[in-house]
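Take a look at the structure below. A short tour follows it.

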Amino acid sequence: MRMSVKHCLTLESDCSGEHLEDLWFRLFRAMDDIKESVRKAAKIATQTLANLSARLSDATYTNPEAAQKAVTVVLHFLLKNGLLSEAKEVRAFAITEIQRISKVAGPLLKPHISQIVGILLESLASLEHQGFNYLSFHTDNQEMLEAARLAISKMSPLQETLDLCLKYVDSDNINELAAGLAQVIQTGVGMQTKCGAAQFVSSLCFAHPSVLKPHVPVLMKALRLSLKDRSPAVRSSYASAVAQLSKVANESSLKPLMAHLRKLYTEDNADDTARTVSGIVLLLMARNAPTVLKDYYKTVVPLVLLGRNDPAEETAKIYKEVWDECSIVSGLQLYLPEVIESASVVLKSTSWNLKMQGAQTIKDVSTTAGAALTPYLHIVLPLLVTGLAGRTWKGKEALLVALATVCKSCADDVARGDNTNYPSALKIAQLVLNECKRKDKEYKLHALTSLATIMSVFPNIRAALFVEIRETLNDTALGKKDEEDEEEQDTKELKKDEVKKENPVYGKMRVKAFEAMGQAWPGNGPQAQHPQLADPAIASSFAEFLLTQLPLNAPTVQVAILLALRLYVERLMVPDSFEMPGVLDPPTIFQIVDSVWQMLHGTKLSDVRKEALLLLIELLKKTQGTKLMKKYFLEIPSQLAHAEHDTNVVPLIK
C-alpha cells in the first residue's frame, strides 16, 4: 500500500506529456483500489494528470500537432475506458475531464466528433441512476416518469458536451457522424440515448443546414422507420426531428415520408400508436415547416380528414389541430379528387374503423363542398350503398349518415335519376328503409334519421314510398318492442324500490319515426298522383293517426308529431271549391286547432308550444280566403293571449 501511495505522489509531482494513456490507465485503476489511502493519492495524481492533459490539448500552449495527438490519446482513453468503467468515481472523473478537454481543444475536436457524439449518446442511458429502473416497474404513469428522466438527462454534463461538439461539425466529419447517428436512432438502447440522438439531429438542422443537407436521406430513413418506438417520449422526439429535417430535405426524402405516414394510418393492422405518431409528425411539420407541408397537401389533406374522425379521442384531437394549422377549408375543393380516392380505398378496407372513418370523411366533405361533390357521385354513392349490405357492425351507422348528407348536398343531381352510374333516389330511400328494420336499436335510430333526411329532399319519391314507410314505421312510432326486447325485460328482476324505466333509445326512435312519416307525406298535389294514394282514406287515416298519438306521447315525441302535422297541412293543395272531405275538412281542422290549444296550455316545454304555433300559422296560411277557419277567429286571439307569458313563443304569437 505504501508503495502505491508513493508511486501516486511521485506521478503527481513528476508527470510529463509522454505515456499519457498508460498514466491514465494506472491512475484510474488506483482510484478503484480497495485501500482508501491509495484512492485518495490516486485522485490527487489524477487531477494533476488531468491538468497536464488539458494543457497539452490546448493549441494555445502546445504545438498544434502535439496538441492534436494529446487530444486523440486522452479522448480515446476517456471515452473507451473512463465512461465504461465500473467504478463510480472513475466515471464521474471521466465525464468532467471529457467536458474540459472538449472546451479547451476547440477545432482539434473535429476529427473525433463522430466518436465523441456516438459514445456520449450511448452513455446518456447507461449512466442513468439505477433508481429510475426500479421506479419504471412500480409506477402507473410511465409518460410522466419518462418526461422526468428525459429532463434530467438534458441537464447532464454529457449533454453540455454534445452541445459543444455541435460547433465543430463540418463537411469533413458529417458523413461519418450522420451514419453514426442513424445507427443510434435505429439500434440505440435506452430512452435517453434515442431522444438525445433525435435532439442532436434537430440541433444540426439549425446549426449546419447546408452541411447536413446531402445526408438527410440517411437520417430521414432511420427516423421514419423508427417512428413506432414503444416509448411515447422517443416517438415525440423522433417526430420533432423529422419535422426539423423536412425543412432541409428534398423531394426524394419527403415523398417516401408522406407515403409512410399514410401507410402508418391506413394499413388494416394499424394500432393507436401508429395512427397517433403519424398525426404528431404532421402537426409538428405544420407548425415548423408549413411551406414544405403545403407542397404535399394532396397526400396530407385526405389523411388529416380521416384522422379527424379517429375513434380514439386523443388521436382525433391531434388531427383536428393539424387541420386548424393548415387552414385549408376554403381550398378543400382543390383536393377533392385525392380525398375521394382516399375515402374510396378505406371504404373497401376490411377494418371497420377505417370504413367508418371513410364514411365520416365523405360526410364532412359533402357538408363543406356541397354540390361540388356532384362529379364524384358515381364513386361515392355506389360505395356507400354497397357498404350497407351485410351484417350490422360497430360504426356502420356512419355509412347511413354519409349517404343522407350526400343526398342532401347533391339533391338535384341525385333526384334527376338520369345517371346509370349510381343508384336513383328511390333505390337509396328503399335501401335505407330496409335498414330501418334492423334489430340493433342505435343503428336503427340512425337509419330512421337518415330516412327522414332523404325523404325531405326528394319530393318526387314520396308518393311511391309513403304507404310502405307508414306501414314499416308504424310499430316503431307506437313504441312497440320486439319479442326479444320484451323477453329480456321480463326476465330482469326489479328490486323493491326500483322504478321500471324505458330505454331512452325507444323514445328517440319514436321521434324519428314520426319525423320520417311526416317527411314522407306527399300531400295531394300533382306529385302525389300515385296508385297507392288513390284512396282518400289514406290521407285521413294518417291525420287521424297523428292526432290520436299526440296526447299519448312524451313532449319530445309530441314535437315530432306536430312537425308531421305541419308538413301534412303544408303539402296540401286547397282546391277552388275549398272542399277536401277527410283531408282538411271542418272535423279535421277542429281536431288540429284543439290539439294546438292543448299543447299551448298543457305543457311548459317551449319546443312543443313553438311547434304547435307553427302548425297553427301553417293552417291559417293554407285556409286563408276560405270559411274553414271562420268559427275560430274570435277564439284564436283569446287563446293566444294566455300563451304570451312564454317569451320563447311571443314572436310567433305576434
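This is a predicted model: local features need pLDDT of at least 70, side-chain atom pairs count only at pLDDT 80 or more; totals for chains, interfaces and linings use all residues.

## Aromatic pairs

A search of the whole structure turns up 9 aromatic pairs. One of them joins Tyr265 and Tyr319. Their ring centres are 5.3 Å apart. The planes meet at 80°, so this pair is edge-to-face.

Where do the two tyrosines lie? Tyr265 belongs to helix α15, residues 251-266. Tyr319 belongs to helix α19, residues 313-326. The pair therefore ties together parts that are 54 residues apart in sequence. Tyr265 is buried, at 1% relative accessibility. Tyr319 is buried too, with a relative accessible area of 0%.

Ring pairs also build a cluster. Its members are Phe466, Trp521, Phe542 and Tyr568.

## Charges over rings

Two arginines come next. The charged end of Arg308 sits over the ring of Trp323, 5.0 Å from the ring centre. Arg470 places its charged end over the ring of Phe545. Here the distance to the ring centre is 4.5 Å.

## Cysteines

How many disulfides does a search of the whole structure find? The count is 0. The closest cysteine sulfur to that of Cys410 is in Cys407, 8.5 Å away. A disulfide needs the two sulfur atoms within 2.5 Å, so 8.5 Å is too far for a bond.

Is Cys410 buried or exposed? Cys410 counts as buried, at 2% relative accessibility. Cys165 is also buried, with a relative accessible area of 0%.

## Asp170 in its loop

Asp170 lies in the loop between α9 (157-166) and α10 (174-187). Its relative accessible area is 15%. Buried means under 20%, so Asp170 counts as buried.

A polar atom of the Asp170 side chain lies 3.0 Å from the backbone nitrogen of Asp172. Which residues does Asp170 contact beyond its neighbours within four places in sequence? They are Lys110 and Val211.

## Lys221 in helix α13

Lys221 is found in helix α13, which spans residues 216-225. Its relative accessibility is 47%, so Lys221 counts as partly exposed. Lys221 and Leu254 are 33 residues apart along the chain. Their C-alpha atoms are separated by 10.0 Å.

Terms used. Residues are numbered from 1 along each chain as its sequence is written. Side-chain values use heavy atoms; hydrogens and water are left out. Rings of Phe, Tyr and Trp (its six-membered ring) pair if their centres lie within 6.5 Å; planes under 30 degrees apart count as stacked, over 60 as edge-to-face and the rest as tilted. Helices (H or I, at least four residues) and strands (E, at least two) are DSSP runs, numbered from the N terminus. Buried means under 20% relative accessible area, exposed over 50%, partly exposed in between (1.4 Å probe, protein chains only). A charge sits over a ring if NZ of Lys or CZ of Arg is within 6 Å of the ring centre and within 35 degrees of the ring normal. A polar contact is a pair of N or O atoms within 3.5 Å; within protein, one must be able to donate a hydrogen and the other to accept it, and residues adjacent in sequence count only if both atoms are side-chain atoms. Contact means heavy atoms within 4.5 Å.
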